[in-house]
Amino acid sequence: MKLIKLSILAIILLFIWFAQSHFDAYAVSILNNIAIFAILALSYNLINGVAGQFSLEPNGFVAIGAYVAALFTLPAATKIDMYVLQDPSPLVLAMHTSFLPALLLSGVVAAVIAFMLSIPVFRVRGDYLAIVTLGFGFIIRIFAMNQPAMTNGALGLNDIPDTENLYWSGFIMVVTFVIMLNIIYSKYGRAMKAVRDDEDAATAMGINTFWIKTYAFMTSAFFEGVGGGLMASMLTTIAPDQFTFLLTFQLLIIIVLGGLGSMSGTIVGAILVMGGTEWLRFLDQNMDIFGYNTGAHPGLRMVVFSMLLIVMMLFARKGIFGNKELTDIFRRGK
Amino acid sequence: MILELQNITMQFGGVTAIDDLSFGVKAGQIYGLIGPNGAGKTTLFNIVTGNYKQTKGNVVFNHEEISGTKPNMIVQRGIARTFQNIRLFKSMNVLENVLIGYHNQANYTYIESIFRLPRHFLYEKKIKNEAMEMLERFGLADLAYTNSSSLSYGNQRKVEIARALATNPRLLLLDEPAAGMNSSETEDLSNIIRKIKDEFGLTILLIEHDMKFVNNMCDIVLVLDYGEEIFEGKPSEAIVNEKVVSAYLGDFTNA
C-alpha cells in the first residue's frame with residue numbers, strides 16, 4: 001500500500017528528471033505549463049471541490065503570486081531601467097531574495113490576503129464568496145494597472161530571471177498533490193467535505209465551519225500564489241492583462257473535467273486541457289479540408305473547449321474521477 | 001437539573017412561536033416534547049442548540065448560561081442533536097460520518113496533518129477505533145464502508161444517532177427519531193436508545209409523534225400547543241388529559 005504510493009511518486013519524479021534532460025525544448029515547455037496549471041488547479045479544487053465553496057478568485061491570487069515573485073527576483077538595477085512610467089518605490093527596490101524564498105513569499109502574501117477576505121465573506125452563507133472573489137480578481141488587476149511605482153502599470157514586468165524549469169514545477173506539483181491528499185485524508189479534509197455536504201449538520205457535530213472554510217481558502221491561495229510565482233519565472237514577463245477571468249475559467253474547466261473534489265482527476269484534467277490546447281493548435285491555423293482552405297480562425301480552440309464543457313455538463317456531470325481518488329482503489333475495504 | 005429553560009419567548013416577526021415557556025430536565029431522564037405540528041417543538045430544539053437566539057429568557061445547561069453561545073461551542077459543552085429529516089453527509093461512508101463526530105477529540109493541528117506528523121497518526125487511529133466501537137454498538141460495523149446514502153431509512157437514523165454520540169454529549173436531543181419507521185424498527189430503536197442512555201449516562205430530550213413510542217420511552221412529557229405549555233407529567237396521564245386531547249383532536253365540547 002505505502003510501497004505502491006511511494007513507487008508512483010518515484011516514477012513521476014523519474015519521469016520529470018528524464019523529460020527535463022532528454023526531451024526537446026518544446027515538449028519540456030508543454031510539460032512545464034501542464035505542471036504549473038496542475039498546481040493551480042489542485043489548489044483551486046480544494047476550495048471549490050472539496051470544501052464546496054464556489055469561488056472565482058484564482059486569477060487574483062496567481063497575479064499576486066506572480067508579481068511578488070517577480071519583484072523579489074528582479075535585481076534592483078533592472079527595475080530602475082524598466083520602470084519608465086514612474087520611478088520604482090524604495091520598497092520595490094529593497095525587495096530582493098533568491099527564487100525559493102520569493103516563491104514562498106508569493107504563497108504567504110496570497111494566503112494572508114485570503115485570510116483577510118475570508119473574515120467578511122465566510123461570516124455569511126451562500127454565493128457571496130463567488131461574487132466577492134470575482135470582484136477581488138478585478139480589483140487585483142486594476143491595482144496592478146494603476147500602481148506604476150509598484151508594478152510598472154500596464155507595461156508589466158520583463159526580464160524576470162527564468163530560474164524555473166521542469167524540476168521546479170514538477171517537484172512543486174508533486175508536493176502540492178501530496179499535501180492536498182494529506183489534507184483530504186485528515187479530520188480537516190473530512191470536515192471540509194462535511195461543510196460541502198451539509199453545513200448545519202457539520203456545525204451540529206461541533207465543527208467551527210468558519211475556520212474550516214478559512215483553512216481551505218488560505219491553503220488554496222497559498223499554492224495559487226506559488227503557482228503564480230512559477231508562472232512569472234516561466235514566462236519571464238508578466239502584465240496585468242494576463243490575469244483576467246479567462247485564467248480562472250481555464251482552471252474551472254480543468255477541475256470540472258477531472259472531477260470536483262478529486263485531486264487525481266485534477267492532474268488528468270490539467271494534462272488533457274493544457275495538452276489539448278497545444279494539440280488543437282492546428283484548429284487556429286489554416287486548414288486544408290479536401291483541397292478547401294478554411295482560412296485561419298484564431299480562437300477556434302476555445303470554441304472546442306467550450307463545447308467539451310457543455311458535453312461534460314450534459315453527460316458526465318461528475319467529471320472523469322467523480323470525487324474519488326486514484327488511491328481510493330487501494331483503500332477499499334481497509 | 002441538567003437543562004433549565006427559563007421564561008423562553010421566541011418571536012419571528014409578529015408570530016410568537018414560543019410564549020414564556022419554562023421547564024427543567026433532570027439528569028438521567030428521558031424527557032418527551034409532544035404537541036401538534038407547529039407547536040414550537042423544533043424551534044425549542046434550535047434555541048437549545050444555539051441555532052436560534054430566543055427573544056427573551058435564559059437557557060441554563062449544567063448550571064451555566066448558554067444562550068448566545070455559538071452552536072459548535074454548545075456541542076463541545078455536551079449537547080448533541082439529530083435532525084427531523086435525516087441529514088447525513090451523503091458523499092461519505094458510514095465510518096466517515098461517525099468520524100466527523102470525533103472531530104474535536106482528534107487533537108492535532110492543520111499543520112500536523114499537512115506534514116503527517118506523529119500526532120496525526122496517533123489520534124486518527126484512536127478515533128477510528130472508537131468510531132468502529134460505536135458502530136458495533138449500533139450493529140452497523142459491517143456497513144462501515146458503505147456509502148451513507150445507500151443505507152435503509154432505519155439504519156440512516158442509527159448512523160445519525162451514532163454520529164451525535166461521537167461528540168461525547170451529556171444531553172442528547174432527538175428530533176422525531178421514530179418518524180417513518182415501521183414497528184419493528186421502532187422497537188429496535190427504543191432498545192438502542194435505552195442501552196446507550198445507560199452506557200453513556202445520558203439525558204435525553206426527544207420530540208416524537210408516535211405516542212406508543214413516547215409512552216414506552218419517556219419519564220416525563222411536556223405537551224406544547226401554539227408555543228404554550230398545556231401539560232407536564234407522566235405520558236400515561238397526558239393522553240387522558242382533556243386539554244391535550246382537544247389540542248390534538250380539536251375541541252368537541254362546544255361543537
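## Basis of the description

The radius of gyration is taken over C-alpha atoms, and the globule rule used with it is 2.2 Å times the number of residues to the power 0.38. The model is predicted, and local features need pLDDT of at least 70, side-chain atom pairs count only at pLDDT 80 or more, while totals for chains, interfaces and linings use all residues. Residues are numbered from 1 along each chain as its sequence is written, and chains are lettered from A and ligands numbered from 1 in the order in which they are written.

## Overall dimensions

For the 255 residues of chain B, a compact globule would have a radius of gyration near 18 Å, and the 19 Å of chain B agrees with this. The C-alpha atoms of chain B fill a box of roughly 70 × 40 × 30 Å along the principal axes. Chain B contains 10 helices and 10 strands, where helices (H or I, at least four residues) and strands (E, at least two) are DSSP runs numbered from the N terminus.

Chain A has 16 helices and two strands. Its radius of gyration is 20 Å, close to the 20 Å that the globule rule gives for 334 residues, so chain A is as compact as a globular protein of that length. The C-alpha trace of chain A spans about 60 × 60 × 40 Å along its principal axes.

## The two sheets of chain B

An open sheet of four strands in chain B has the order 2-1-4-5 with antiparallel pairing, two strands being paired if DSSP finds at least two bridges between them. Strand 2 (15-25) and strand 5 (64-65) of chain B stand at the edges with a single partner strand each, so one side of each lacks a neighbour in the sheet. Strand 1 (residues 3-12) of chain B is joined to strand 2 of chain B by seven bridges, the two running antiparallel; Met10(B) has Ile18(B), in strand 2 of chain B, as its bridge partner.

Six strands of chain B form an open sheet of mixed pairing, in the order 6-7-8-3-9-10. Its edges are strand 6 (79-81) and strand 10 (228-233) of chain B, each with a single partner strand, so one side of each is left without a neighbour in the sheet. From one strand to the next the twist averages 20 degrees. Strand 6 and strand 7 (residues 171-175) of chain B run parallel and are joined by three bridges, with Leu171(B) in strand 7 of chain B as the bridge partner of Ile79(B). Helix 10 (residues 242-249) of chain B lies across strand 9 (220-225) and strand 10 of chain B, at about 130 degrees to strand 10 of chain B.

## A helix pair in chain A

The axes of helix 2 (residues 25-50) and helix 9 (residues 166-184) of chain A come within 9 Å and cross at roughly 20 degrees; axes are lines fitted to C-alpha atoms, for helices over the stretch in contact, and angles run from 0 to 180 degrees between N-to-C directions. That angle makes helix 2 of chain A roughly parallel to helix 9 of chain A, a term for angles under 35 degrees. The residues of this contact divide into 16 nonpolar, five polar and no charged, where Ala, Val, Leu, Ile, Met, Phe, Trp, Tyr, Cys and Pro count as nonpolar, Asp, Glu, Lys and Arg as charged, and the others, Gly among them, as polar.

## Contact between the chains

In chain B, 27 residues are in contact with 23 residues of chain A, contact meaning that the C-beta atoms, placed from the backbone, lie within 7 Å. Helix 2 (71-77), helix 3 (94-101) and helix 4 (110-114) of chain B each supply at least two residues of the side that touches chain A. The residues of that side of chain B divide into 11 nonpolar, 10 polar and six charged.

Definitions and conventions
Two residues are in contact if their C-beta atoms, placed from the backbone, lie within 7 Å. Angles under 35 degrees count as roughly parallel, over 145 as roughly antiparallel, 65 to 115 as roughly perpendicular and the rest as oblique.
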